[in-house]
Amino acid sequence: MIEARRISKFFSIIHDDGTAGGLTAVLSVSLRIEDGRFVSLLGPTGCGKSTFLEILAGLQAPSDGEVLIDGQRVLEPLPSTRKEMEDYRRRYRFLSPIANSLFRDRPKHDIAMIFQDYAVFPWMTALQNVLFCLKLRAVSRADRESMARKYLHMVGLTGSENKYPSQMSGGMRQRLALARALSVEPKIILMDEPFAAVDAHTREGLQADLLELWESTGKTIVLVTHDVDEAAYLSDEIVVFSPLPGTVRNRLKVEVPRPRRRNHPTLQAIKERIQSIYRYDSDHAAEYII
Amino acid sequence: MGQVMAAWVIVRRPAVVAGLLITLLVLGGCFRSDSGKSPGTQATRPLRVAYIGSPMAAPLFVAAASRGGADRQPLDLLQFKTSGDAGYALLWGEVDAALIEPLKTPNLLQTSKFPPLKVAGTIQFPYGATLVLRKDLSLRFGELAGRTVAAEGEDCGLWHQFKTDARRLGLDPERIRTVYMPFEDMVPSLEAKTVDAILTKGSYGVIGESLGHKILYQNWDVAAGTDECCPAILAQTVYFLVVRRLDDETVARLVQTLEATGQEKLDEVRGIVSKQTGISEKRLAHFPVATFSAVTDELGSLLKDHAWSPRQ
Amino acid sequence: MESETMSRPNGNNSDYGAKGWNLIYRELKAFLKGALGSVISVEFATVLVPLLIIWEVLPRSGVVPETLVPTPSKIVATFWQMLIEHDLPHHIGASLVRFFLGFSIALLTAFPIGVLMGWNVFVRKHCLPMFQILAPVPPPAWVPITIVALGVGLPMQVFLIFLGAFYPILFNTYQGVKDTDPRYLASARVFGASEFTLIRSVYVWHALGLVIMGIKIGIVLGLVMLIISEMYGGRSGIGYLLVESKEYFNIDRMVVCMIVLGALGWFLIEIMKYVELKLAIWRIGR
């Protein structure tokens, strides 16, 4: 179970005219995601949901609040007082808090992540990519190759095992990322706009495959997207984010049994409701004060 | 009208002006050095002579220092690091004469056909066998067994003399490791520490000693010319005096001036050499002094076209 | 297994599975084709042959002094003579040995230091300023102090070559590792990669292009320092031959030495290009 308690993230930025300012990416988001659920985080581009996802994964430290995965805290929040800052700096002067240990490959939590622009390693073939992730999870050498091939087959990449990512199309690369994430058999998979850069036809195929895999394995999936159709079609629950600063605007449950039709009336109703929320927000654009 | 145009160029086209200035500077630099090369100059213009800083250039030092009469050829001495550099300076006319080692001279004479270079005389030094030990080793003569010694060749007269003397002094020459190399390479080898000691001819022994190495053995009684490696005339030659195309009168005067240095008193000569090279007079007193001699018939027959003769 | 490889028909799917001598032979063929391919071509020949003819004719006809400008035929003859009589292979070997000694020491020290500095800010803040202070001193300026400290012999030469090759490799490795795309680091970290695995599998591979470029520049500068160090000390090597030819007014031998050096440098760079091709095969898709 993922539990996020009052997560906030502030950045200090420099405006175009040289003045310094603050940017609130995420403002006091509290969320609880049960096991086995498929949750979408929906919001317009640039509203801090990717930042929130990275905080969930432990790739960024929150300015305030904490994330607990299965009861274990992911990263401590950034220091706020001066003394805390000096302590923090001294403790992490050699290795940043985001880093895992120096020599031992050990994931802190049982999660896997798929990124917006794939982030599969271009210097490894597809097979080597999956083997790399399996090795990080200390799977024994004998099992590694068979598992890798199994998952590559599951996403439909048999025959492309020895190809490099630069030789594969965008859709194939995304399948490879999916295979990597699945092969380590995590409990939670986090996805950051995984289908944003593929064409509509490939996207629909990938979405169908994703659903099938989720149903057969029963993992928790958290999907970040800006596509309302996608969120409605795939997820059990949609968490709507507001534009900067990102806060949870609303949580909508999608209780349509699967397999769903894309033009199901309940789905349409949900889409319209979300769009009216957006219109309201843009009409009554309120100033948020930190 | 012209003034207006010039003013316009200067004001409105700074790039053009800068380019012209730079061109003038470069050309001026190029042609300035030519002024010394113009042929047919006055009789008392000093000749530029290139040399390497060794006591073997004694006649040159004395000739440059003496204040003698109207017949004397005034000299401008220029020191070069190596005789190769001196040779190239000679080729390109930066100097009028140079002292070059005999081994290098044939190639030098061949590279310049026009104007031709000629040998106008030689610097001579007694032949003599000298064993020079590397400066960082402190061995006595008897302790040389097992060490590496450089010699000119198996048949070299000096080497035979040394072996005879060594047996007499109690050192078994068979226990010395020998490497063979020409005389010119011996002192550099000593400096580079590739050999422990060298058995060389007199002039190089002195050069080695002036660089700080120690002389363990010296025998001036070796007759030159007994082996094929060095015909007599070359055995005693340290340098050839190679001159560029100059008029006969100037070269004759140069030769005469240099020959006259042989008349000077040894003490004075040593004093002048000591001042020029920085070696103490006490040290120089141990050795003979280098002398200049004009081209003899024997040398002339060896060098053929390349020997300068007064009836040019 | 041996007989299986040997009896396979040539050129027929022999790509996977060639072992031992077949593999070496195939790699050598590919390397030579790549290296010589651009030089030995019809287009270049139409430029080169007229130049060679002009070079041959001018000294012979007296327009240019023949003794100062050796003709190509004379150079070939001198080269042959040097090969047979004057021990040219020995000198080339001596130079190569020195070069590889100095260069491998430079590679083995500069590469790890560069990686460490690029990977970790703490290390970088402590170490980089010192290298930045020492780097601007041109390597030839180190010669006198090296002679004072190490004398004139193999240590001095190896040290000078090391100095020449060290800084390009160091700074290029550091730059390459520093600029690693953070997406790759993030995706590896999420799967639990330790810092050591990150260095080994992500940083180094991502930086490979810059590292190899650094090595190439290091080779060039190392060769420069090789010649300089041989001019100042020692009695063997191409640099020594070069200086000796100058001293003895052998212009043709000088030119032969220069050509040999050029060929050596070209050959080493071609080897690095081939290595880059083999290691960075994933870039072909771009």
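Trainee: In what order do the elements of chain C run from the N terminus on?

Mentor: From the N terminus on they run α-α-α-α-α-α-α-α-α-α-α-α-α. Chain C has 13 helices and 0 strands. Helices (H or I, at least four residues) and strands (E, at least two) are DSSP runs, numbered from the N terminus. The model is predicted: local features need pLDDT of at least 70 and side-chain atom pairs count only at pLDDT 80 or more, while totals for chains, interfaces and linings use all residues. Residues are numbered from 1 along each chain as its sequence is written, and chains are lettered from A and ligands numbered from 1 in the order in which they are written.

Trainee: What does the C-alpha trace of chain C span along its principal axes?

Mentor: About 75 × 60 × 35 Å. Of the 286 residues in chain C, 34% are buried. Buried is a count: 20 or more other C-beta atoms within 10 Å of the residue's own, with 12 or fewer for exposed, partly exposed in between, and C-beta atoms placed from the backbone.

Trainee: At what angle do the axes of α5 and α10 of chain C cross?

Mentor: At roughly 95°, and the axes of α5 (residues 88-119) and α10 (residues 195-206) of chain C come within 11 Å. α5(C) and α10(C) are therefore roughly perpendicular to each other. The label covers 65 to 115 degrees; under 35 is roughly parallel, over 145 roughly antiparallel, and the rest oblique. Axes are lines fitted to C-alpha atoms, for helices over the stretch in contact, with angles from 0 to 180 degrees between N-to-C directions.

Trainee: Which residues make that contact?

Mentor: Val115(C), Gly118(C) and Trp119(C) come from α5(C), and Ile199(C), Tyr203(C) and Val204(C) from α10(C). They divide into 5 nonpolar, 1 polar and no charged. Here Ala, Val, Leu, Ile, Met, Phe, Trp, Tyr, Cys and Pro count as nonpolar, Asp, Glu, Lys and Arg as charged, and the others, Gly among them, as polar.

Trainee: New topic. Which chains have the most contacts between them?

Mentor: Chains A and C, among the 2 pairs of chains that touch. There, 32 residues of chain A are in contact with 20 residues of chain C. On the chain A side, β6 (111-114) and α3 (126-136) are the elements that give two or more residues. By class, that side has 22 nonpolar, 4 polar and 6 charged residues.

Trainee: How many residues of chain B are in contact with chain C?

Mentor: 15 residues of chain B, which meet 14 residues of chain C. α5(B) gives the most to the chain B side, with 4 residues. That side has 3 nonpolar, 9 polar and 3 charged residues. Chains A and B do not touch, and their nearest C-alpha atoms are 38 Å apart.

Trainee: What is the strand order in the open sheet of chain B?

Mentor: The order is β7-β6-β8-β5-β9, 5 strands with mixed pairing. Strands pair if DSSP finds at least two bridges between them. The edge strands, β7 (177-180) and β9 (214-219) of chain B, each pair on one side only. β6 (residues 148-151) of chain B pairs with β7(B) in the parallel sense over 4 bridges, and Val149(B) stands opposite Thr178(B).

Trainee: How many residues of β10(B) are buried?

Mentor: 7 of 7, in a strand covering residues 237-243 of chain B. β10(B) runs antiparallel to β4 (residues 118-124) of chain B, joined by 6 bridges. Ile123(B) stands opposite Tyr239(B) in that strand.

Conventions:
Contact = placed C-beta atoms within 7 Å.
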